[in-house]
Amino acid sequence: MSLSLQSPPSSALSSKSSLQGGHLRLLGRSGASNAVFFNLQPSFPQIRASAGFSSSLDTGASTELDAVSRFSEIVPDTVIFDDFEKFPPTAATVSSSLLLGILSLPDTIFRNAVDMALADSGCAALENAELKLSCFANKALVNVGGDLVKLVPGRVSTEVDARLAYDTHGIIGKVHSLLKLYNEINVPPERLLFKIPSTWQGIEASRLLESEGIQTHLTFVYSFAQAAAAAQAGASVIQIFVGRIRDWARNHSGDLEIDAALKRGEDPGLSLVTKTYNYIHKYGHKSKLMAAAVRNKQDLFSLLGVDYIIAPLKVLQSLNESVTTADEKYSFVQKLSRQSAAAYNFSEEEVAKWDQLSLASAMGPAAVELLAAGLDGYADQSRRVEELFSKIWPPPNV
């Protein structure tokens with residue numbers, strides 16, 4: 001997908017109502033997986049009203065999007081500024097990938113936030129070059145996040161440096177420092193999530209942060225062990241990448257969890273979402289479950305009932321353009337529910353309290369490899385941001 005961070009049309013920002021109902025995604029060159037922008041509140045009536053599609057309400061019919069959004073929050077996995085009228089943003093994620101996108105273009109509505117970060121005297125006064133660049137990066141994330149908070153009515157998730165993924169205290173310290181910076185620009189903590197990789201150390205950090213009332217968003221979940229441990233930790237949001245698990249399964253074998261799903265005739269990514277949903281609801285965990293990397297309509301239909309489904313724009317357009325009659329819309333079935341969760345059977349090992357050893361033992365090669373790849377990608381983006389900052393600091397007029 002091409003990147004578009006230019007300032008949006010004035011009409012997209014001048015009306016508060018134009019910002020209700022969808023989500024914003026600003027993609028860096030590294031691709032869609034690194035800058036997820038999502039919606040955490042009901043909104044699709046407004047999206048459809050502004051999407052420019054012909055209305056089916058006058059004929060007594062509705063769209064497939066109307067039908068499926070009765071069961072799950074369907075979230076656009078796209079949207080550059082030109083798409084504001086179709087899918088206005090309600091919540092967002094700020095990340096190193098987004099900073100790279102901002103730095104690649106001179107004229108964006110967030111460029112001033114980055115320039116102001118580079119002009120920060122406190123960071124500039126640090127003698128250690130590594131600490132200085134890290135300080136600039138933190139300020140840039142928070143400044144952009146602060147702008148996004150003004151732009152969207154929902155929560156803004158801030159990515160925690162993936163290089164801290166195996167350091168619980170480092171993650172907690174980073175979140176506290178980011179939260180302090182947000183407090184300095186008067187962003188209330190209830191508007192924030194902190195996006196943390198689902199290593200054991202990340203899960204432990206989530207548990208401790210949630211005990212302080214700080215909301216966390218655990219990502220890179222590719223196994224039931226990770227998902228269950230994240231739920232036990234009380235993570236506010238747990239994100240599973242359906243398509244990435246499927247892609248791994250197409251090219252590899254030897255993962256017991258994936259092989260078992262395939263033997264049952266199930267898609268391993270969809271199976272993991274289903275099992276995690278049932279676990280969360282059967283045992284009363286507070287976490288909300290987000291299914292990401294959903295590739296097509298059939299994936300979406302198979303997950304109806306999960307809290308959030310991140311779907312590509314082409315899928316949403318197809319849903320919006322497919323009209324259903326009053327009878328047909330009731331043919332859509334909620335696949336995931338509290339009733340199905342209550343009936344789902346888990347083994348004693350699966351419902352036991354997860355710890356570092358049991359998690360490491362239960363994670364198969366798919367989860368290990370996909371987690372490592374995700375961490376490497378995020379860490380590389382953080383390094384690239386710092387390298388760019390080292391080249392452009394100090395900014396003009398500083």
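Phe-220 is buried, at 1% relative accessibility. Phe-220 belongs to strand β6, and its phi is near 60°, a positive value in a residue that is not glycine. Keep in mind that this is a predicted model, so the angle is a property of the prediction.

Let me stay with β6 for a moment. How many residues of β6 are buried? Six of the six, so the strand is largely enclosed by the rest of the structure. On one side β6, residues 216-221, pairs with β5, residues 192-197, in the parallel sense, over four bridges. Two of the partners can be named: Ile-196 is bridged to Leu-218, and Pro-197 is bridged to Thr-219.

Now the sheet around that pair. Eight strands form an open sheet, in the order β2-β9-β8-β7-β6-β5-β4-β3, with parallel pairing. Which strands are at the edges? They are β2, residues 73-76, and β3, residues 92-94, each of which pairs on one side only. From one strand to the next, the twist averages 25°.

Helix α13, residues 268-282, packs on this sheet. The strands touched by α13 are β6, β7 at 237-241 and β8 at 288-292. The direction of α13 makes about 175° with that of β8.

Is Asn-186 buried or exposed? At 68% relative accessibility, Asn-186 counts as exposed. Its place is the loop between α8, residues 168-184, and β5.

Next, helix α7. This helix runs over residues 129-151, which is 23 residues. From the first C-alpha to the last, α7 reaches 33 Å, close to the 33 Å expected at 1.5 Å a residue. At the start of α7, a side-chain oxygen of Asn-128 comes to within 2.9 Å of the backbone nitrogen of Glu-130.

Within α7 we find Asn-143. At 13% relative accessibility, Asn-143 counts as buried, because the cut-off for buried is under 20%. What does Asn-143 touch, leaving aside neighbours within four places in sequence? The contacts are Ala-113, Met-116 and Ala-117.

On to the core. The largest nonpolar core has 112 residues, and those with the most contacts inside it are Val-144, Leu-300 and Phe-389. Helix α7 gives the most to this core, with 10 residues. Taking Leu-300 from that group, and not counting residues up to four places away in sequence, its contacts are Val-68, Ile-74, Val-294, Ile-309, Ala-311, Val-315 and Leu-319.

The buried ones are Ser-96, Ser-97, Leu-98, Leu-99, Leu-100, Gly-101, Ile-102 and Leu-103. What covers them? The cover includes β3, α5 at 111-118, α7, β4 at 156-159 and α20 at 365-392.

One more residue, Asp-299. Asp-299 lies in helix α14, residues 297-302. With a relative accessible area of 4%, Asp-299 is buried. Which backbone atom does the side chain of Asp-299 reach? The side chain reaches the backbone nitrogen of Arg-295, at 3.1 Å. Beyond four places in sequence, Asp-299 touches Arg-246, Leu-270 and Val-294. Val-294 also turned up among the contacts of Leu-300. Gly-269 is 30 residues from Asp-299 along the chain, and their C-alpha atoms are separated by 9.5 Å.

Last, the totals. The protein has 20 helices and 10 strands. Of its 398 residues, 59% are buried. As for contacts between residues at least 6 apart in sequence, 74% join residues at least 24 apart.

Methods:
Residues numbered from 1 in each chain as written. Predicted model: local features only at pLDDT ≥ 70, side-chain atom pairs only at ≥ 80, totals over all residues. Heavy atoms only, no water. Expected span 1.5 Å × (residues − 1). Polar contact = N/O pair within 3.5 Å; in protein donor to acceptor, adjacent residues only side chain to side chain. Core = buried A, V, L, I, M, F, W, Y, C linked by side-chain atoms within 4.5 Å. Buried < 20%, exposed > 50% of the residue type's maximum accessible area, 1.4 Å probe, protein only. Contact = heavy atoms within 4.5 Å. Pairing = 2+ DSSP bridges. Axes fitted to C-alpha atoms, helices over the stretch in contact; angles between N-to-C directions.
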